[in-house]
Every structure is written in C-alpha cells, then in structure tokens.
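This report covers a single protein model.

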Amino acid sequence: MKADYLNAIDKGFSSIYEEYEFLSKNNFIDISRRNFIRNEVGLFLKPDHHMLEINSGSGIDAVYFAQKIHSVLATDIASESESFISKKIELLNLKNLKFQKCSFTDLRVIKNQKFDYIFSNYGGLNCTDNLQSVFNQFEELLNPNGYITLVIMPPYYPIEMLTFFKGNKKAFRRWSENGTIANVENQSIETYYYTPNQVKKALSEKYTHIKTTNIGTFYPSSHYESVTKHKNLISKLIQFDEWINKLPLMIKGIGDYYIITFQKKLHE
C-alpha cells in the first residue's frame, strides 16, 4: 500500500475508536454481534493458544481474548490503536497482551513468533485490494493445525440495498468490482468487498475451510437510525438471523458481514 493511503487509514480509524468503544458497551446490535463472533471463535480456540489479531483497532477483542487464552499479539497500523491498547494493558494488568504497530501488508516484521490462531474482525481486511498478498504471510506465522478466523464484508447486504427505495444512490456500492470509497472521519478509504469463494481462492491449498456463517442478513447495522426506534423488533430479527444463517441451505456471503474459519493442514 502507498504511504499516503496508509496515512489515511491511520488518521481515519484513529479518529473513530471512541465511537467503537461506545458501541461495544452500549449498542445492543454491536454487543450481540461481538458475542456471536466470540462464540464462533470459541468453537476452535483453546486456553493454551497464542493469537495474532490483525487490524485490532482499540483492542476491544484483543482484551477479551487475552483474558481467555495464553497470549495475544494485537497489531494495527493506526497510531491510536497503540495508545488505546497500552492503556488497557496497564489498567487491566494484562501481561499476556502485547501490541505491535504494523500493517497487515507487512506482517513479516513480526519476528521469532508462531501463533495458533490468526483473527481479524469487522472488515479490516476489506481495506486491501489484494487478499492473497496478505494471506501469503500467514504461512510463516501460523502453526500446523492452527486456525484463521476472518470477519469480512461481502458485496451483498440486503438491508443496505433496500435503502435504494429511500433515495440512497450508494445502496449498491458494494457491488463494484474495483472497490468503492468509504468516508472514515473525512478520510477517503478504498474499500473492497469479497465473497467467501474469493477468500477461499486467495488462501492456498495448505488450508482447509471449516465454516462460514453470515452476520446481519436480515437486520440493520448499529449505524442505522432505526435501531433505537425499533429495538424489540430488531432484537427478534437478530434471533431469526442467527437461526436461519445456521441452516446448511442458507447461501453464504449475504449480510453485513460473514465469519469464515480455516485450519492449516499438517505438513505432508
């Protein structure tokens, strides 16, 4: 990635962490989604695991997992990520949580460490136009039989598409194969939307696909104004969403996000 684009990511996301912190504590949709994602990760995560989190943001998930497993290395390109996570480490005395400032395009700067789990939440990897170049770095970082869990934004989000009928000219922005521009705190961030099949293709044959589940197919994200007006209805939609997306026949990659997990094969 070019330096000016990395600077835009740094400035944009550093400015939005206070909002993320608020949503994670006060917004029932965000709380529900994080709980769902953590439960999915918990199907594979073990207490003795060493986790690498990429695009760790303000450390909301890094702190949670550090309280559950052996160790977590949180990484992010944003300057404020280090500030937020360092304060949490000190406040909570989390000696097993470390932070290293680096982009997911430059994970090779992580030296002499191996991990049992690589985790990326809330579409951080949607900021790259080349998933394969990111995934190619995992080989040297992940132990055999280790897991990768990624939360990705797909091209098809029905709730956003329906806003076309309310005059939203960007309702189909995710469909663009060449990416689109997202405004993050007045910073222009190029964003790309990937199907589960594109993610599978970008990973080598050294990984086995374990599971994919949609998130938010039938209910709005926490940023929609309707959230506060129709809490009871949306709570029921969240329950329905989680139920129907567990059905085997449900098409994968339709929603605000999807969570996809792989396991690294043993060397033959």
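How many aromatic pairs does the count come to? The count comes to 14 aromatic pairs, where rings of Phe, Tyr and Trp (its six-membered ring) pair if their centres lie within 6.5 Å, with planes under 30 degrees apart called stacked, over 60 edge-to-face and the rest tilted. One of them joins Y17 and F84, edge-to-face, at 5.8 Å centre to centre and 85° between the planes. Because Y17 belongs to helix α2 (residues 17–26) and F84 to helix α5 (residues 79–92), this pair ties together parts 67 residues apart in sequence. Y17 and F84 are both buried (buried is under 20% relative accessible area, exposed over 50%, partly exposed in between, with a 1.4 Å probe and protein chains only). Y156, F164, F165, F172 and W175 make up one aromatic cluster.

The model is predicted: local features need pLDDT of at least 70, side-chain atom pairs count only at pLDDT 80 or more, and totals for chains, interfaces and linings use all residues. Residues are numbered from 1 along each chain as its sequence is written, and side-chain values use heavy atoms, leaving out hydrogens and water.

A charge also meets a ring: the charged end of R38 sits over the ring of Y64, 4.2 Å from its centre (the rule asks for NZ of Lys or CZ of Arg within 6 Å of the ring centre and within 35 degrees of the ring normal).

The structure holds 0 disulfides, a disulfide being a pair of cysteine sulfur atoms within 2.5 Å. The sulfur of C102 has its closest cysteine sulfur in C127, 15 Å away, which is too far for a bond. Both residues are tabulated below.

| Cysteine | State | Relative accessible area |
|---|---|---|
| C102 | buried | 5% |
| C127 | buried | 8% |

Helix α11 (residues 231–244) has 14 residues and reaches 20 Å from its first C-alpha to its last, close to the 20 Å expected at 1.5 Å a residue (1.5 Å times one less than the number of residues). Its buried residues are I234, I238, D241 and I244. Seen down the axis of α11, these fall within an arc of 140°, so they line one face of the helix; the arc is that of the directions from the helix axis to the C-beta atoms. The face of α11 turned away from the buried side carries the exposed residues N232, K236, Q239 and W243.

The protein has 11 helices and 9 strands, which are DSSP runs (helices H or I, at least four residues; strands E, at least two) numbered from the N terminus. Of its 268 residues, 53% count as buried.
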